[in-house]
Amino acid sequence: MNALVMQGRLAWLRRLGHLARPVLAGLPLLLLWPAARHLIESRMSWHMLIEFPLLLAAGWAAHRLSSGWAPLRRIGQHARLLDWHGWSTATYCALVSIVWMVPSALDMALIDGRVALLKVFSLWLAGWLLAGGLARMPAEVLLFLAGNLGWMMATAGLLYAETPTQLCVNYGQNDQVHTGHGLVAWALVIGAIALRQVVRLAGAHDEAQAKPRAEPARDGPRAQRSPRAT
């Protein structure tokens, strides 16, 4: 009975995930509405801790939705040649994160529409690339990506929280301190998720290495008995 209940809950969660993908993929369109954009970007903490992850999630969801579309699937096949073991994806995501943690870049995104459009597209593209490139990353590349992201977010967070002066022209110091604490928390979350993924990859690698060793042991007795039968 409990197994049936769990299966029903898992099926419900899968259906909910399929329904949430179009919503997540369309979230960047909300930023075209001036009132919505002003609401979420009026505070530094909402801008960096909510909008940025949502843009990444939108790119991820758009990749999942369009994975069955033949033209994009062909583009993805060619893109894999440029993303050996996910190195291109990891490097791009690290560079994008560096740029949008700079206070002057946040200020420019608020006052210049072209910079704001670049911000939205670059973060959305990072989510798109991660959706396809994360599965190609071995443990070493994943640690490189998570280490860079975690280190940069923690460093920027401590800088925001401990600097006694206002770093952004458009955001107050109290909001800056709250954003710094949130960035440190995000760095810890990213580190925990990456460690879990690395442990899972290491376990799968050990199992893949153990299988070829076990198969000859099972075939050995048969190979020894076959000459006697002849």
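Close-up 1. Cys93 is buried, at a relative accessible area of 4%, where buried means under 20%, exposed over 50% and partly exposed in between (1.4 Å probe, protein chains only). Cys168 is also buried, with a relative accessible area of 1%. The model is predicted: local features need pLDDT of at least 70, side-chain atom pairs count only at pLDDT 80 or more, and totals for chains, interfaces and linings use all residues. Residues are numbered from 1 along each chain as its sequence is written, and side-chain values use heavy atoms, with hydrogens and water left out. Zero disulfides are found in a search of the whole structure, a disulfide being a pair of cysteine sulfur atoms within 2.5 Å.

**Close-up 2. The largest nonpolar core.** A nonpolar core is a set of buried Ala, Val, Leu, Ile, Met, Phe, Trp, Tyr and Cys residues joined through side-chain atoms within 4.5 Å. The largest one holds 35 residues, of which Met44, Met48, Trp100, Met137, Leu145 and Leu183 touch the most other members. At least two residues of this core come from each of several helices, among them helix 5 (87-100), helix 7 (113-133) and helix 9 (173-229). Helix 8 gives the most, with eight residues. Helices are DSSP runs (H or I, at least four residues), numbered from the N terminus. Leu145 touches Ala90, Cys93, Ala94, Leu130 and Met137, leaving out residues up to four places away in sequence; contact means heavy atoms within 4.5 Å.

**Close-up 3. Lys119 and its contacts.** Lys119 belongs to helix 7 and counts as buried, at 0% relative accessibility. Apart from neighbours within four places in sequence, Lys119 is in contact with Glu41, His47, Glu51, Phe52, Trp100 and Ala109.

**Close-up 4. A nonpolar patch on the surface.** Leu39, Trp46, Ile50 and Leu54 make up this patch, with about 340 Å² of accessible area together. Patch residues have over 30% relative accessible area and no salt bridge; nonpolar side chains (Val, Leu, Ile, Met, Phe, Trp, Tyr) are joined within 5 Å, and like charges within 9 Å. A salt bridge is a side-chain nitrogen of Lys or Arg within 4 Å of a carboxyl oxygen of Asp or Glu. Accessible areas come from the Shrake-Rupley method with a 1.4 Å probe; for residues, only the protein chains shown count as cover. Helix 3 (residues 44-65) gives the most to the patch, with three residues. Leu39 lies in helix 2 (residues 34-41) and is exposed, with a relative accessible area of 53%.
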